[in-house]
Amino acid sequence: MKVPHIGRYPVTRMRRNRSNHSVRRLTAENRLSVDDLIWPAFVIDGKGKKEGIEAMPGVERLSVDLITEAAQEAWDLGIPGIALFPYTDPAKKTSDAFEALNPDNLMNAATRAIRKALPEMMIVCDVALDPYTSHGHDGLLRDDKILNDETVDVLVRQALVQAEAGCDCIAPSDMMDGRIQAIRETLDHSGHEDVRIISYAAKYASGFYGPFREAVGSGTALQGDKRTYQMDPANSDEALREVAMDLDEGADMVMVKPGMPYLDIIRRIHETYGVPTLAYQVSGEYSMIKAAAMNGWMDGDKAMMESLMAFKRAGACGILTYFAKDAAKRLKEG
Ligand code: PBG
C-alpha cells in the first residue's frame, strides 16, 4: 500500500530557526538591555537605616546615605536612572500636603545626595501629593472631591523644588488635568528648561498598587479610591487622548502604568505617536512574581526576564521595575 506523502514533510520548519542559541540570537526581534531599566527606590528618614517591606520581599526602604550607595551600585551595573519615592513620617502628613514643598524633604535630600555623587544619573522624581497627604490622595480634597486646579498649583511648586534639588526628570503621577503645561511653563520660567517631563499619561485606577501603598505608607490613610482621577481599566482610546494632551502640553516621554496588564496600551501609544514610551512594572506585578517564586510555584528569574522582554516587544523604550538590579545582574551574566 502506498503511504500518502501529503502533509508528511512540512515545507517550512519554524523550528530550524530555534534549534540552537546562535540562531536564536540572530533571529531575535527584540533585545532587553540594561539601558532599558530604571530602578524605583524608597527613601526613609534616618542614617544607616534600612527597612523591609512586607508585601515586597527583597525591596527595602533606605535612608539617604544608603540610597546614595545603592544608586551608585545601580549605576555601576549600568542602570541609567533611579526613580525616588519617599516614606513620609505620618506626623508630617497634612491635608494640604505642605511637606511636599519642603526643599529639605526626604525626596529632595535624596536627590541632592545622589546628584552630587552621580552627576550623570537620571533622577526621576514623582510629582503627586499622596506621600504627604493625611487622606492618602494625590490631590487636595474638599467635600469628598479631589480639586483639580488647586492641586495643580501645588504640584507646580512641588516640581520646582524637585528641579532645584537636582532632579532632571519630573514625573507627574497625579492625573490632574493641565498639570504638564503648568509644570512646563514654571520650569521654563525659572531657568529649568532642560529638566524633562516624563508624564504618567495613562495611569489606571489599579489594584496592582497595593504593595506600593504599604511601601510609602499611604495605604492605611487612603480614604476611598482614586477612580475620579485615575483611568478606568476598561478604556484604551482614552489613553491615546491622555497621551495626545500631555505631548501637546510639553511632555518629553510618556508612561503607562501598570505594565503587564496594559501591554496593549503601550503598543497603541508606540504605534500612534512613536514617542519614547515607558512602562511601569508596578509593585503588585513585582510581588506576584516574587510570591510565586518564593513558594516554588515558578522560576522567578525566568518570569522576571520574560516579563521585561514583553515590555520591549510591546514597544516600550524603557521600564521602571523593582527588578532593575536583579535583571541588570542577569544581563551581565549573559
Ligand atoms: C502615586 C503613585 C502610585 C504609584 C506610583 N506613584 C500609587 C497610586 O497611584 O496610588 C504606584 C507604583 C507601584 O505600585 O509600584 N502618585
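Cysteine 167 counts as buried because 28 C-beta neighbours lie inside 10 Å; a residue is buried if 20 or more other C-beta atoms lie within 10 Å of its own, exposed if 12 or fewer, and partly exposed in between, with C-beta atoms placed from the backbone. The structure is a predicted model, in which local features need pLDDT of at least 70 and side-chain atom pairs count only at pLDDT 80 or more, whereas totals for chains, interfaces and linings use all residues. Residues are numbered from 1 along each chain as its sequence is written.

Cysteine 167 is found in the loop between α4 (148-165) and β8 (169-172). Helices (H or I, at least four residues) and strands (E, at least two) are DSSP runs, numbered from the N terminus. Not counting residues up to four places away in sequence, cysteine 167 touches Thr111, Ile123, Cys125, Gln162 and Val195; two residues are in contact if their C-beta atoms, placed from the backbone, lie within 7 Å. Methionine 107 is 60 residues from cysteine 167 along the chain, and the C-alpha atoms of the two are separated by 9.8 Å.

The chain as a whole contains 11 helices and 12 strands. Its radius of gyration is 22 Å, close to the 20 Å that the globule rule gives for 334 residues, so the chain is as compact as a globular protein of that length. The radius is taken over C-alpha atoms, and the globule rule is 2.2 Å times the number of residues to the power 0.38. Along the principal axes, the C-alpha atoms fill a box of roughly 90 × 45 × 40 Å. Of the 334 residues, 45% count as buried. Among contacts between residues at least 6 apart in sequence, 74% join residues at least 24 apart.

In soluble globular proteins, nonpolar side chains tend to be buried together. In this chain the largest nonpolar core has 98 residues, of which Val43, Ile82, Leu84 and Ile170 touch the most other members. Such a core is a set of buried Ala, Val, Leu, Ile, Met, Phe, Trp, Tyr and Cys residues joined through C-beta atoms within 7 Å. The contacts of valine 43, not counting residues up to four places away in sequence, include Leu84, Leu106 and Met107.

UniProt, in an unreviewed entry, places the feature "active site" at Lys203 and Lys257. Although spread over 55 residues of sequence, they cluster in space, the largest C-alpha distance being 4.9 Å. UniProt positions are given in the numbering used here, feature names are shortened, and annotations may be inferred rather than shown by experiment. Lysine 203 lies in strand β9 (residues 196-203) and is buried, with 27 other C-beta atoms within 10 Å. Lysine 257 belongs to strand β10 (residues 253-257) and is also buried, with 23 other C-beta atoms within 10 Å. Beyond four places in sequence, the contacts of lysine 203 include Ser173, Met175 and Lys257, while those of lysine 257 include Tyr200, Lys203 and Val282.

The unreviewed UniProt entry also carries the annotation "binding site", which covers Glu242. Glutamate 242 lies in helix α7 (residues 237-248) and counts as buried, with 23 C-beta neighbours inside 10 Å. Leaving aside its neighbours within four places in sequence, glutamate 242 is in contact with Ala201 and Ala202.
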